[in-house]
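Hello,

Here is the structure we spoke about. My notes on a sheet and a domain interface follow below.

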Amino acid sequence: MLIDMDPLVLGKWCKRGIGCALIVIISICLGGCWDREELQERRFVLAIAIDKAEEGVRPDQEKITQVENFYQPHGNKLYRLSLQLLQLAPSQGSESGQRGKTSTSLISTTGQSMTEMLQDMLGQSDKDLWFEHVQTVVISEEAIRQGGLQPITDYLLRSQHIRWLTKVLITSGEARAILEYKPPSGEPSGMFIADSLDMYRKNPHVPGWHTDVGSIAESHDNKQRVLMARIELADDIIKLGGMAILKDGKLIGYVDEYATQGGKFLSGIEKSAIITFECPDSPGKITAFELFSHETSLTPRVEGDNIYYILDIKMRGNIGEMQCGIEHHVVEDHQLHKLEELVAEAVKKNILYSFHTYQNLKVDASVFGQKLQAYEPLMWEKVKDRWDDEVFPTIPLIVSVNVVIENVGAHK
Amino acid sequence: MGKVKCRKIMKLSADMPEASFDQAKKKLTELQKLTTKSAKLGEDIGQIIAQMRQVAAPSNEPFIFTSKLAENEKLMRVVLRDCGDIEFRAFDAEGHKALLIYLEGMADSEHLERSVLKPLMSQTAPTNANTTKLSNLFTDMKVVAEHILGAASVTVLTKASAAIDAVMTGNAILLIDGLNDVLSIAVVKYTKRNISEPNNEYVLQGPNEAFNETMTDNIVLIRRRTRDTNLKVRILQLGERTKTSTAVLYIANLVKPGLVEEVERRLGLIKIDKILSSAPIEEFLVDHPWSPYPQTQTTERPDKVLAALYEGRMSIIVDGTPVAIIVPCTYNVLMQTSDDYTIQPVVAILVRLTRNIAAFLAIYLPAIYVAVVSYHPGMLPTTMAISVAELRARTPFPSFLEAIMMEVLLELFQEAIVRLPQKLAGAASMIGAFIIGTTVVQAGLINPLLVVVIATTAIASYSMPSYTFSMALRWTRVPMLILASILGLYGVILGVLAVTIHLCSLRSFGESYLGGMINFDSLADWKDSMARLPTTLLKTRPKEFGAQDQTRVGDSDGQSGS
């Protein structure tokens with residue numbers, strides 16, 4: 001057959017065949033198979049907790065701490081690193097159709113270097129630890145106070161596996177205990193916390209917009225403040241709310257839910273919020289305004305050496321709740337305007353509350369500095385070195401809020 | 001002593017050399033040689049006689065006809081010796097001896113009786129008034145044909161080869177003593193299949209006539225659908241021994257200039273003894289016989305052929321095959337079905353989109369699965385990664401092996417169902433469904449997700465309008481799988497590049513296989529390739545086939561409505 005073929009055709013074919021074979025062989029040699037690892041051969045790490053070495057250890061647990069340990073040529077036993085691992089239960093055939101229940105386990109060790117601790121932890125695992133699906137990182141306040149944030153997060157920023165969108169949270173208690181928490185749905189607590197924090201657009205009490213690994217890396221590189229969502233555990237109740245502000249690796253302070261909500265109004269990133277105020281006619285009773293959408297603009301103004309900011313907010317929403325008594329039908333124009341003014345007042349109060357909180361903490365936790373840099377670069381150059389400590393705590397903020405109440409009329 | 005005795009008993013040939021096995025074998029072969037030699041000699045003698053008979057015959061003719069019937073008959077008998085189905089019917093026509101030669105079963109004997117034998121033999125009857133006058137007609141074959149015979153199609157032949165061809169195609173030839181011409185009478189009639197519904201290209205709403213094995217019938221099916229005189233039919237004979245009739249169809253004032261010549265040139269280059277179906281012709285026609293992708297479109301629907309002809313393409317119909325070949329062929333035309341034009345355009349657009357996605361899935365889905373599961377599980381959403389890992393926790397094999405096993409099962413399964421008689425195919429598919437669907441998964445050999453992936457792939461490839469194209473997709477799947485298992489997504493992307501480059505560089509009579517779709521010059525062709533606009537908007541022919549007249553209404557030469 002081959003003899004019958006035109007020698008030219010054969011030559012062309014040979015060349016092409018050799019070419020294709022070379023491409024395949026070279027690419028195999030260059031890149032083939034090196035990171036092939038079947039999904040079931042990987043041990044999913046779902047959450048990481050970092051504590052101070054002996055945090056929360058009861059005297060009867062001495063033996064355990066001896067095992068969760070290793071000999072370390074350099075450094076001290078500063079941190080305790082805990083990993084939440086996913087234990088796969090094989091699904092029982094196809095007939096039943098039910099998935100095996102996922103369970104998790106927790107392993108810990110103590111040391112100073114995160115990578116060294118991870119290496120030691122392989123002694124507690126049957127499969128290679130795999131970090132691409134890490135959902136949350138919980139850091140205890142004590143661990144940060146001990147040596148700052150940098151030694152803790154450096155590994156998170158360098159690791160090729162941990163994603164930028166991994167959530168980082170802070171707790172005032174023991175971080176490992178939070179990973180031990182069992183959500184009622186049966187899902188791993190790492191995923192529970194991440195999902196809960198993901199609702200930040202609906203829940204103005206959690207920050208969520210600047211609290212992932214990527215933002216920490218960014219803030220770190222720009223020498224700016226770092227925000228972390230706060231999580232607290234008491235018995236078997238877990239709650240997200242408020243946030244912590246860090247600067248230069250040091251914890252500056254916690255900020256409560258009200259200030260967190262105000263901070264979100266400042267940067268205009270919330271999707272919905274409840275704004276409450278007292279009923280105009282019956283004091284002690286509450287009316288709640290439900291926010292639908294808003295437009296927010298924050299602009300810096302410079303007059304001579306004076307810097308001030310103008311915050312202009314337009315909000316649309318409806319009355320979500322009105323405990324004032326008989327008058328629950330709001331249809332009259334003057335009534336509406338009165339309510340709108342009250343809402344605006346409440347929003348203004350909220351914003352100024354968080355603004356003053358930031359000023360008292362001497363940290364620009366919002367975007368004031370960035371706005372100044374963008375709109376008035378010359379002024380920024382002058383003040384940037386003493387911005388947080390001297391300039392920011394003194395600048396005034398003029399807030400104007402315009403509220404429109406929609407969907408008026410009878411309730412259903 | 002005992003040994004010697006033993007030897008004597010065992011070997012008879014020791015005493016009688018002529019009884020040995022070797023000797024007998026030798027004798028037998030000698031005898032065989034002798035018989036073959038004598039058979040050859042007989043044949044040679046026959047040939048020598050034929051050669052002696054032929055008086056200055058040209059080199060490509062077996063002999064030339066003489067005016068003596070007896071001699072002509074002998075010559076014909078030599079050529080047609082040992083063909084038991086040839087009928088030699090000698091009769092007397094007005095004192096002239098005549099001979100009718102035809103192939104029994106292929107020629108209509110009733111028709112011969114009625115239109116040849118009767119008129120000729122009745123010339124001898126004394127009741128006929130013009131007897132003497134008519135007897136003078138036997139001086140020229142043409143006159144005989146014009147005045148006596150009642151057959152519709154009659155040709156005068158002078159060459160012996162043409163006469164033999166005529167007999168072999170089923171015509172009857174008439175020889176009359178005293179004339180050195182012969183008359184070929186078209187009386188071909190043999191049993192053939194009726195026009196039936198298409199087996200593979202059934203259409204829900206639309207014409208459902210399909211080609212049969214007879215070329216003339218197939219041409220009629222096309223002719224009947226148009227009254228256009230520009231529809232030209234050229235008939236060629238291919239296959240040096242079988243001399244299979246092959247028709248080349250095109251619309252004279254539409255077809256791309258040069259295409260007809262190129263097709264005929266390529267057909268002319270075919271040097272092969274037999275053409276039993278259209279498939280070998282396709283392989284001679286294409287530029288890249290090693291590509292798995294079909295480079296000619298085949299159809300069993302006459303309306304599809306006509307639609308293609310009016311796009312400026314050409315069709316080849318081979319006698320004996322119920323399928324017409326259409327060239328040039330591109331990815332676009334393989335993705336179209338007749339049903340697209342019977343359903344609502346908006347629906348058709350969605351259907352075509354689905355079909356294109358299906359083509360992609362049929363090649364790449366298992367590869368993407370293997371790449372993601374073995375190399376990049378980080379790409380999956382966490383909940384999905386966990387559930388996939390759960391499903392795979394029980395399976396002992398790497399995903400590549402698993403996928404290959406499943407592919408093998410699927411291929412076995414498809415092949416078995418195609419080969420089995422229809423009654424058994426149902427049983428086979430039941431077994432297959434049980435094995436693949438449940439048992440393999442229960443046994444823990446293959447995880448259910450992979451079954452979903454492979455089944456999706458199989459269904460996607462079944463949804464291709466062209467069977468040959470879906471076979472090509474099946475073929476491409478395996479190298480993609482191997483690439484994915486070696487290099488992960490990087491390999492899949494390499495594969496995508498390789499397939500795309502191959503398809504773009506593949507040419508079918510000058511038209512790029514895939515290139516037309518991504519060529520900005522012919523972006524207007526999307527109206528009937530990626531999308532399917534309402535017929536009111538399909539006013540121009542596809543640019544990629546280079547029809548001479550681009551507008552679909554009227555014609556450049558003034559003939560309207562063609």
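**Sheet in chain A**

In E13(A), Val399(A) is the bridge partner of Leu311(A). This is a predicted model, in which local features need pLDDT of at least 70 and side-chain atom pairs count only at pLDDT 80 or more, while totals for chains, interfaces and linings use all residues. Residues are numbered from 1 along each chain as its sequence is written, chains are lettered from A and ligands numbered from 1 in written order, and side-chain values use heavy atoms, without hydrogens and water.

Strand E12 (residues 306-322) of chain A runs parallel to E13(A), with 9 bridges joining them. Strands are DSSP runs of E, at least two residues, and helices are runs of H or I, at least four, numbered from the N terminus; two strands pair if DSSP finds at least two bridges between them. The open sheet has 4 strands in the order E10-E11-E12-E13 (chain A), with mixed pairing.

**Domains 3 and 4 of chain B**

Domain 3 of chain B (215-329) and domain 4 of chain B (345-517) have bounds from an automatic or database domain assignment. Between them, 16 residues of domain 3 of chain B contact 17 residues of domain 4 of chain B (heavy atoms within 4.5 Å). There is 1 salt bridge between these domains (a side-chain nitrogen of Lys or Arg within 4 Å of a carboxyl oxygen of Asp or Glu). Glu511(B) forms a salt bridge with Lys256(B), with the closest N and O atoms 2.6 Å apart.

Regards
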